[in-house]
Amino acid sequence: HDRGAKFIPELCDLISELNEMLAEPGVEPTESSVLNVLSAKNADCFRYLPAFIRAQLLLDRDPHGNVQVAKIETEKLLAATVSAELERRRTAGIYDGAFR
């Protein structure tokens, strides 16, 4: 399994807070529920992630309720976030290159 995601500091901070928040009574593993309790920085990080990674962070948990970091596919995460960022820049008119 992949362990590269644990080397992305922002993702580590987000996962740590998610683990804490989802252990709290009344916090459900849904996007709206966690966005209401995450810090602003981690909420922004969570929103920035591709939908498939957000779902994995909320639903793919170990028996103790923690995110299974080893199951996060780092290559897909990086490819999707780079693609989204390049598209954002293209839309803003600050990037006109090709990305496949």
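Colleague: Let me start with one residue. Where is Ala-23 found?

Modeller: Ala-23 sits in the loop between helix H1 (9–22) and helix H2 (31–37). Keep in mind that we are reading a predicted model.

Colleague: Is Ala-23 buried or exposed?

Modeller: Ala-23 is exposed, because its relative accessibility is 61% and the cut-off for exposed is over 50%.

Colleague: Since the model is predicted, what is the mean pLDDT of the protein?

Modeller: That score is the predictor's confidence in each residue, from 0 to 100. Here the mean is 85, and 92% of the residues reach 70 or more.

Colleague: Which elements have the lowest and the highest mean pLDDT?

Modeller: Helix H5 (residues 74–92) has the lowest, at 87, while helix H3 (residues 40–48) has the highest, at 95.

Colleague: Now the inside. How many residues does the largest nonpolar core have?

Modeller: It has 19 residues, and those with the most contacts inside it include Leu-14, Leu-18, Leu-38 and Phe-46. H1, H3 and helix H4 (51–59) each give two or more residues to this core, and H1 gives the most, with 6.

Colleague: Leaving aside its neighbours within four places in sequence, which residues is Leu-38 in contact with?

Modeller: Setting those neighbours aside, Leu-38 touches Leu-14, Glu-17, Leu-18, Met-21, Ala-43 and Phe-46.

Colleague: And which residues of H4 are buried?

Modeller: They are Ile-53, Arg-54, Gln-56, Leu-57 and Leu-58. These buried residues pack against H1, H2, H3 and H5.

Colleague: Arg-54 is in that list. Which residue forms a salt bridge with Arg-54?

Modeller: Its partner is Glu-31, and the closest N and O atoms are 3.0 Å apart. This pair links distant parts of the chain, as Glu-31 is in helix H2 and Arg-54 in helix H4, 23 residues apart. Glu-31 is partly exposed at 32% relative accessible area, whereas Arg-54 is buried at 15%.

Colleague: How many salt bridges are there by this count?

Modeller: The count comes to 6. One of them joins the side chains of Arg-89 and Glu-85, at 2.9 Å from N to O. These two residues are separated by about one helical turn, because they are 4 residues apart in helix H5. Another joins Arg-90 and Glu-87, at 3.2 Å; they are 3 residues apart in helix H5, so about one helical turn separates them as well. Salt bridges with shared partners also join Glu-85, Arg-88 and Arg-89 into one network.

Colleague: What about Ser-33: buried or exposed?

Modeller: Ser-33, which is found in helix H2, is buried, with 16% relative accessibility. A polar atom of the Ser-33 side chain lies 3.0 Å from the backbone nitrogen of Glu-28. Neighbours within four places in sequence aside, Ser-33 is in contact with Gly-26, Val-27 and Glu-28.

Colleague: One last feature. How many disulfides does a search of the whole structure find?

Modeller: The search finds 0. Cys-12 is in no disulfide, and the nearest cysteine sulfur, that of Cys-45, is 10 Å away. For comparison, the cut-off for a disulfide is within 2.5 Å. Cys-12 is partly exposed, with a relative accessible area of 29%, while Cys-45 is buried, at 16%.

Notes
Residues numbered from 1 in each chain as written. Predicted model: local features only at pLDDT ≥ 70, side-chain atom pairs only at ≥ 80, totals over all residues. Heavy atoms only, no water. Buried < 20%, exposed > 50% of the residue type's maximum accessible area, 1.4 Å probe, protein only. Polar contact = N/O pair within 3.5 Å; in protein donor to acceptor, adjacent residues only side chain to side chain. Contact = heavy atoms within 4.5 Å. Core = buried A, V, L, I, M, F, W, Y, C linked by side-chain atoms within 4.5 Å. Salt bridge = Lys/Arg side-chain N within 4 Å of Asp/Glu carboxyl O.
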